[in-house]
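Biologist: I have this one open on my screen and would like to go through it with you. Could you take me through a few parts of it?

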Amino acid sequence: MAMSVALVSASREIRSSFATVIAEAPEVTLAGIAGTMPDLRTLVQETPELDVIVVDAGLADTPALEVVHELGLSAPLIATLVIGGQGVTLAAVVASGARGMLTLPLSLQEVQAQLDTAVAWSRSLRQHLTGELTAGGRGRILALAGAKGGVGVSVLAALLATRAAGEGQTVCLVDLDLRAGDLAFLCGVSPRRSVADLAGLAGDLTIRGIREVVVDVPAGFALLAAPDRVEQSEEVTAQAVRQILHELRRNFSLVVVDTGSVLDDPRAVALEVADEVLLVANCELISIRAARRSLEAWERLGVRTTDRARLVVNQSSKQREIQPDLVARLVKLPLLTAVASAPAEFEGPVNTGTLTGERPATGMQAAGAILAGCGTDAPALRQATSAGRGPASRRKRSRAGSRVLVEESGSSAVELPVFVLLFMITFFICIQGLVLGLGYIVAGNAANEAAREASVGRSLAEIDQVSQHAMLGLEFSANTRVDAGARVVTVDVGVPKVFGWLPDGLQAASARAAYLPEDDS
């Protein structure tokens with residue numbers, strides 16, 4: 001998301017220099033330039049999305065530090081920076097409420113660094129006040145660890161990020177399975193950089209550096225991928241992971257970390273700093289044994305105590321000999337949820353790398369249950385859920401449900417006769433059409449028989465009698481006419497009326513047949 005910046009300065013040189021630097025800085029938008037305090041007030045009112053205001057220390061009408069102080073009172077959610085001048089010290093600038101000071105001449109590197117810090121502060125404060133982050137203005141870290149390889153940690157992590165992003169949270173998915181990470185493939189993206197590229201910046205890590213490494217997944221979250229080459233995993237140290245997660249926590253409301261199934265220093269740090277740790281196992285005895293060994297290693301190495309972790313049983317089924325409750329008792333961890341086995345839903349998306357796009361229903365439902373159980377679901381959804389648990393709300397739902405049933409019953413009572421009437425009309429129209437078509441078939445057969453009789457010189461009475469016998473055994477009335485001049489026999493067959501009424505053109509089926517007298521041949 002691009003940061004919005006405004007400048008307060010009456011100097012043409014500073015205006016030009018600042019605009020030039022901002023034009024070169026990526027993801028920075030210059031919202032406007034004000035020359036006086038009234039102009040600044042108007043700009044702040046018209047641009048509510050402002051992140052940073054840069055104040056020139058050489059303002060003529062109002063001292064710069066007074067401007068910073070007034071902004072702190074009137075717009076406390078907007079960070080301020082001061083462009084230094086003679087007699088202005090960093091201590092005075094910070095004391096007035098600014099987040100930092102820029103020195104002249106302006107350089108792109110310094111401006112970017114100062115803006116990154118100021119914007120991070122401003123947005124963290126806004127998120128904290130609007131309730132998007134947890135206490136302390138920090139996002140939550142949810143770490144998933146596998147009891148052994150192949151239990152589905154990566155699939156669950158991708159689905160958790162997808163579900164949380166769909167609920168409106170800002171989510172970053174981190175692949176710390178450093179030697180065998182496949183989250184990029186599951187999400188259908190091809191990142192050019194990985195967490196190893198951030199490890200070298202750990203000492204000077206900013207959100208801009210993170211944004212240059214993470215890749216945006218179409219499902220609505222950011223992905224920090226694992227290294228493509230195994231040797232790059234050695235560059236990711238425990239200290240780097242700690243600083244990366246700390247910075248991600250400041251800028252995302254939820255950080256989902258896939259730590260794989262192997263415990264090393266970087267992944268131990270992730271398990272240590274995480275707010276929630278989920279151990280993923282399945283209903284196999286070998287998986288249960290591996291889960292027990294993982295917990296013992298966490299306890300022994302001081303990474304995580306068992307009372308600060310929960311269990312997720314993946315690929316469960318009623319046909320299995322070992323059920324999720326038994327897995328939880330054997331592993332000695334509280335069971336958060338059990339994910340039903342659904343190979344038909346997962347096999348295609350996993351094999352084609354479209355998991356976050358196709359979103360299997362079983363997996364998304366399990367992800368929602370995990371987020372709700374960890375308290376990391378969307379605040380609005382959580383409030384709506386908790387508000388619907390009390391007796392009063394149940395009574396309201398009961399009354400509302402009764403009203404709906406009554407309304408639906410009344411609606412059905414009105415609609416059923418209409419449907420029956422329409423069905424009967426359609427049915428009789430179809431029957432009438434069949435009768436009319438049969439009448440044309442009978443008339444054609446009778447006309448051919450009558451034409452043969454007319455060709456041998458039979459009388460009209462004899463021809464009419466033959467026409468009556470050619471009705472194919474049906475009780476249709478026939479009227480035969482012979483035009484000797486035109487040598488044409490016409491037979492009109494009366495069509496029975498199913499409705500009791502037919503338009504004039506459909507009350508009879510008529511057929512004609514030409515003949516040639518044998519005397520002429």
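This is a predicted model: local features need pLDDT of at least 70, side-chain atom pairs count only at pLDDT 80 or more; totals for chains, interfaces and linings use all residues.

Biologist: Let's start with the second largest pocket; how much space lies in it?

Modeller: About 500 Å³ of space lies in the second largest pocket, and 29 residues line it, with Gly150, Val151, Gly152, Val153 and Val155 lying nearest its centre.

Biologist: Which element gives the largest share of that lining?

Modeller: Helix H6 does, with five residues. The elements that give two or more residues are H6 (153–166), helix H7 (183–186), strand S12 (310–316), strand S13 (335–340) and helix H14 (343–352).

Biologist: And what is the lining made of, by class?

Modeller: By class, the lining of the second largest pocket has 15 nonpolar, nine polar and five charged residues.

Biologist: Switching to the sheet with S14, S15 and S16: in what order do the strands come?

Modeller: The order is S14-S15-S16 in an open sheet of three strands, paired antiparallel. Strand S14 (478–483) and strand S16 (508–514) are the edge strands, and each has a single partner strand, so one side of each has no neighbour in the sheet. From one strand to the next, the twist averages 15 degrees.

Biologist: What packs on that sheet?

Modeller: Helix H19 (residues 460–469) packs on the sheet, where it touches S14 and S15, and its direction makes about 140 degrees with that of S14.

Biologist: Back to the strands, how many bridges join S15 to S16?

Modeller: Seven bridges join strand S15 (residues 488–494) to S16, and one of the pairings to look at is Val488, whose bridge partner in S16 is Ala514.

Biologist: Now the helices H10 and H11; at what angle do they cross?

Modeller: The axes of helix H10 (residues 238–251) and helix H11 (residues 265–273) cross at roughly 35 degrees and come within 8 Å, and the crossing is right-handed. On the H10 side the contact is made by Ala238, Val241, Arg242, Leu245 and Arg249, and on the H11 side by Asp265, Pro266, Val269, Ala270, Glu272 and Val273. That contact has seven nonpolar, no polar and four charged residues.

Biologist: Last topic, the backbone: is the peptide bond from Leu104 to Pro105 cis or trans?

Modeller: The bond is cis, with omega near -5 degrees, and Pro105 lies in the loop between strand S5 (100–102) and helix H5 (108–129).

Biologist: And what is phi of Arg359?

Modeller: Phi of Arg359 is near 50 degrees, a positive value in a residue other than glycine, and Arg359 is in the loop between helix H15 (355–358) and helix H16 (361–374).

Technical notes:
Residues are numbered from 1 along each chain as its sequence is written. Side-chain values use heavy atoms; hydrogens and water are left out. Axes are lines fitted to C-alpha atoms, for helices over the stretch in contact, and angles run from 0 to 180 degrees between N-to-C directions. Helices (H or I, at least four residues) and strands (E, at least two) are DSSP runs, numbered from the N terminus. A crossing is left-handed if the near helix is turned anticlockwise from the far one by less than a right angle, and right-handed if clockwise. Contact means heavy atoms within 4.5 Å. Ala, Val, Leu, Ile, Met, Phe, Trp, Tyr, Cys and Pro count as nonpolar, Asp, Glu, Lys and Arg as charged, and the others, Gly among them, as polar. On a 1 Å grid over the protein atoms alone, a cavity is a set of points where a 1.4 Å probe fits but cannot get out, and a pocket is an open set with protein on both sides within 12 Å along at least five of seven lines; lining residues have an atom within 4 Å of a point. Grid points are joined across faces, edges and corners, and a volume is the space filled by probe spheres set on the points. Two strands pair if DSSP finds at least two bridges between them.
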